[in-house]
Each structure stands twice: as C-alpha cells, then as structure tokens.
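I opened this entry to record what I looked up in the structure. My notes start with the contact between the chains and then turn to the sheet and the backbone.

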Amino acid sequence: MSLMSLTALELGKKIRERETSAVEAAREALDQIKKVDKTLNCFVTVDEEQALHRAEEVQKKIEAGELTGPLAGVPAAVKDNLCTEGLRTTCSSRMLEHFVPSYTAEAVRNLENAGAVVIGKSNMDEFAMGSTTETSYFGPTRNPWNPEHVPGGSSGGSCAAVAAEECSFALGSDTGGSIRQPSAFCGVTGLKPTYGTVSRYGLIAYGSSLDQIGPIGKDAADCAAVLEAIASYDRKDSTSMKRDSYDFLSALDGSAEGLRIGIPRDYFGDGLNGEVKERILEAAKALESKGAVLEEFDLSLVEYAIPAYYVIASAEASSNLARFDGVKYGYRTREYEGLHNMYKKSRSEGFGPEVKRRIMLGSFVLSSGYYDAYYLKALKTKALIKRAFDRAFEKYDMILGPAAPTTAPKLGESLGDPLSMYLGDIYTVSVNLAGLPGITVPCGTDGRGLPIGMQLIGDCFQERKILRAAHAYEQTRAYSRCPMAAKQA
Amino acid sequence: MANMISDETMEYVGILAKLELSQEEREQAKKDMEQMLDYIDMLNTLDTDGVEPMSHVFPIHNVFREDTVENTDEHEKMLANAPSAKDGAFKVPKTVE
C-alpha cells in the first residue's frame, strides 16, 4: 500500500515509529507526481533535489529526537502564493514567472518547524482570482476524479494534489471560498480559519481583509493537526490575533452530542443542484444520528453577499496589485517609452484577463464619485451580513450547508461568463466577509461520480466545534479515494 | 438601471489601474464592467441607513514597534529579482527630462 494513501497523521505516526522514513515518504510523493501530474498539472514548481535534501535533514532530526510532532517528515504541497525562500513563487502569473522570494511565509515556516517537508508549489488561479484554476498562466489543473472537469479554485492545485495523493496534505488560501470550494470539488477536507488566526506574512495579498491561509487534507484530524502547526500570533501581520488556545485536535471525540446546527432555508432554494441538495441533507441526518440537534432557519441577506464581496475584493486587489510595476521584481516589458508607458505595458502584458478585470473594477469602485455608492455601500452591507451571522450564532453552534451549488464544471465552461462563475461563490463568500471559520467535508458524489462537499460554518474562534462535527460525520462515512489514486493501489 | 460606462470613464479607470488595453480588450472590459455593475446595483435594494461601514470584523488597532533594524542586509537577494539593476540599485527609465 502506498504511503501517500495514508492520512498525514497516519503517515507521521509510521515515520515516528520507524516503520518508514521522511525520505521514503518524500520519494513516494515525488514518484506519484511523476506518474499523474502530466495529466493533472497540480504543481507549478517541484524541486526534487531540495525536497529530498530537506527530507534527509528532517529524518536526522527525528532520529535525534529533535522533531517529535505529528507532522514530522510528512510531505506537503504549498499554494504558489505563499513565499518560499529560494523556491520560485509565481502566483500562477506571468508577472511573477521568475520570482524567487528572499524569505519564507510565516505559515510555511511554522510548518517547516513542525517538520513537514515541502515538496512543491501548487497551481492556482492567477493571483487567486478565479473559481476553477483555469486562469493560471501555467495552464489549468484538472480534477483527479475526472480530468475533463476543473478542480475548482483558486486553491485547485492544492486540493487536487491531496486527492491524487501527490502529497499528504496542502496549504491553500481562502479569500471567497478558495479552500472550501475546490476541497468540495476534489472530495477532500479543507478549512478556512477565523480571520487573523494564521499569519498572512508572506502570503501574496489579494483581498487583505478577507484572505486567510488554511489546511487541506484527507480528513478533519489532518486539518486540525496542520492548523495547530501553522496558526500563531505574528507581529509581522498587523491583523494577526492572539488566541487563547491553539489546541484543535483534542476537540475530536467522534461525537456531535450537544451541538445545535442551524440549516439556513435560504441556502437550499433555487439554484442549488438537486443531487447536491440530497447529499447535503443526508449528511445532516448523519450528524443528527451522532447526537447533533438540527433546526431550519432563515439566515437572510444571502443574495447580497456576492455583490458586496466582489466590490470589496476587487477594491483591495486593485490596491494590493499596484506594487507590480516592473521595477523591483516581476515582469518588465521589452520596449517602452518612458516610465509610465513601462508601468502600463508591463502590467498589461504581465497580468491575465481575470486579474485585469478585477483591477479595473476595483479602481472604478474606489474612484472619486463612485466610492460612496459602491465601496462604502459594500462595507455597510458587510456589517449587516455580520449581524445576520451574529444572530444565527446566538441560537446555533454552527451553520450547515453546501460549499457550492453544483459539482465541478467541465474545463472551458466557466471563463466565458464571469458573472455566472461568480454566482457559484454564493455559499462561501459571506464567511470571508464575516471573518468566520468554515470547513468543507466530502459527503458523496453525484450521478457522474463527481464529489460533493458539505460546509460547516462556525462562529469566530469556534474551529474546535466545526472540526468536532466534521470528525463526527466522518465516523459515519469512510474517506473515498479518487479513482485515479485507487487504481494505483 | 443598466449601467453605461463612457469611453472617457474607461480611459480614466485605465489611468488609475495603470493598464493599457487594446481596443478589443477595452470593449470587452467595458461590457464586463457594465454587467457587473448592473448586478452590484442590487445592493441599492438594501436599506443601510445608519449602518457604520465595516472594514474589519474585529476591532483592530495600529500595531507599533521600535524603529530598530531587525532584518539582515538582503541587498543582493532583493536585487536578484529586479528586471534591471545597475551599481547596486534598481534601474528605471529616465524620469526627469
């Protein structure tokens, strides 16, 4: 049996108990990448030599008793918007095609301190803008469950790599659903933590008030363990929060006893695919059988989340991406006349269409004359959405719903109509607007064999509750490997 | 209801965004932006009178530290990523005539 078919915690245990080694594990991950990544394109950069060297170092430390944690020696993929010192970090953009960071993102550094072995940088939508991983300059990632379909996005490379067993777990980032939606499409578990829980230092910014880094794994326990490793208070991130506790794993007791779960009627109306709805409601029943109490309610304001999100995210993107001017790093056009022409041509050639679309929209909503009507209005809407969640959490421990209205679309179906692609984010974006934690757990497939994910949304700082519920649900349903991985046994 | 964006506005947004779009790209961008704004206009059906705009969900404050150098000299590493460098500095086109 392949080491890559194990969960990260199972593999970590085998390494600790000397049944295998960090080097062996890294080799298997790299072999699997060689086998399947020509088809799937989950990785932008894999540095085999560096990964094996790092695995050897980690193995020595494990043997010397210096590394004893649950993730020591376990191979991981890191989304290509997280800076890694000496390892190319592209954001899947032509703009950063040759960018080699001089420092490592805090979350990745925390992961390395826990002994994880970064084997490569995973593909994504360009600058994390997109819901399909098709806007990558390095070509789309394909869904391991069916390569004719997209893996979702923007952390599509990370989620597909976990499903295809090219790594044991991965880091992604989530601005409007970019961990939870591709996790659902790829049949893996992905967690977006409460805003401020994981340092954004070294994460190439998209929408700074919404961005959070989070774990993607085969199950809730892996996500809990990775979150324990990466979460930290960091004064290099001015929005970093000091939390009372960074203990998540101990919440997993196999039961959902005592948990009050609200099911928003407005998440199950028109627009939700019938098969997705059925699987999610079955999953809710399963949680009831594990002791949870279910109740339907009206969340309200659901339809306002997407317009508010796209105004805020685009506004922040237009500001954050102003730094790419072809001077200090990144792409510079070949021919230009003077400084301003150099800026404009470099940016126009270095960014892809979706990134330019959002920069334009963001510049527009922030411009004088439109600022109040669009940007301020969106911030007020955000305040009301937060209030609606606050009211819900007075009654419930968490909210249960879908992660996306459909299963993964086919390649090429989404980009032609941006607005309808944006509408697919309806169940995820409000969580970012309100700064809440959310987790997606696989809960079956549709008639075509494409995975469906259930989303559990918690109140701020209540990761323990949603992880506990996710874990309790897993007790009723074993993890399904994607056919591509299962075939290789 | 339908938003119409003038060519002048597109030109202005292009200056703000520091993007130079081809004629074809600009037509497409205009169409996409009009469609998005039509959709975003839905926010106008929501009564937000008296609501404070919320930029951050938590009450966060400026974070200060002593202004002391904490990092080491990474001059070479920084310049290694520059599209053009000369004599230990970033090289840019002539900015002053």
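I took contact to mean heavy atoms within 4.5 Å. By that rule, 69 residues of chain A and 54 residues of chain B take part in the contact. I note that this is a predicted model, in which local features need pLDDT of at least 70, side-chain atom pairs count only at pLDDT 80 or more, and totals for chains, interfaces and linings use all residues. Residues are numbered from 1 along each chain as its sequence is written, chains are lettered from A and ligands numbered from 1 in the order in which they are written, and side-chain values use heavy atoms, with hydrogens and water left out.

**Interface**

The size of an interface is often given as the accessible area lost when the parts come together. I looked up the buried area, which is the accessible area (1.4 Å probe) that two parts lose on being put together, summed over both. Between chain B and chain A about 5,400 Å² is buried, and carbon and sulfur atoms give 70% of this.

I then looked up salt bridges (a side-chain nitrogen of Lys or Arg within 4 Å of a carboxyl oxygen of Asp or Glu). There are four salt bridges between chain B and chain A. B:Glu70 and A:Arg235 form a salt bridge through their side chains, at 2.8 Å from N to O.

Which helices of chain B each supply at least two residues of the side that touches chain A? I found α1 (7–17), α2 (23–40) and α3 (75–80) of chain B; helices (H or I, at least four residues) and strands (E, at least two) are DSSP runs, numbered from the N terminus.

**Sheet of chain A**

I traced an open sheet of eleven strands with mixed pairing in chain A, in the order β1-β3-β2-β4-β6-β5-β10-β11-β9-β7-β8. Two strands pair if DSSP finds at least two bridges between them. At the edges stand β1 (43–46) and β8 (293–297) of chain A, each with a single partner strand, so each has one side without a neighbour in the sheet.

Within chain A, β2 (residues 75–79) and β3 (residues 117–122) pair in the parallel sense over five bridges. A:Lys79 stands opposite A:Ser122 in β3(A).

**Backbone**

I noted a cis peptide bond from A:Gly153 to A:Ser154, with omega near 10 degrees. A:Ser154 lies in the loop between β3 and α5 of chain A. A:Arg18 is not a glycine, yet has a positive phi of about 65 degrees. I located A:Arg18 in the loop between α1 (8–16) and α2 (22–40) of chain A.
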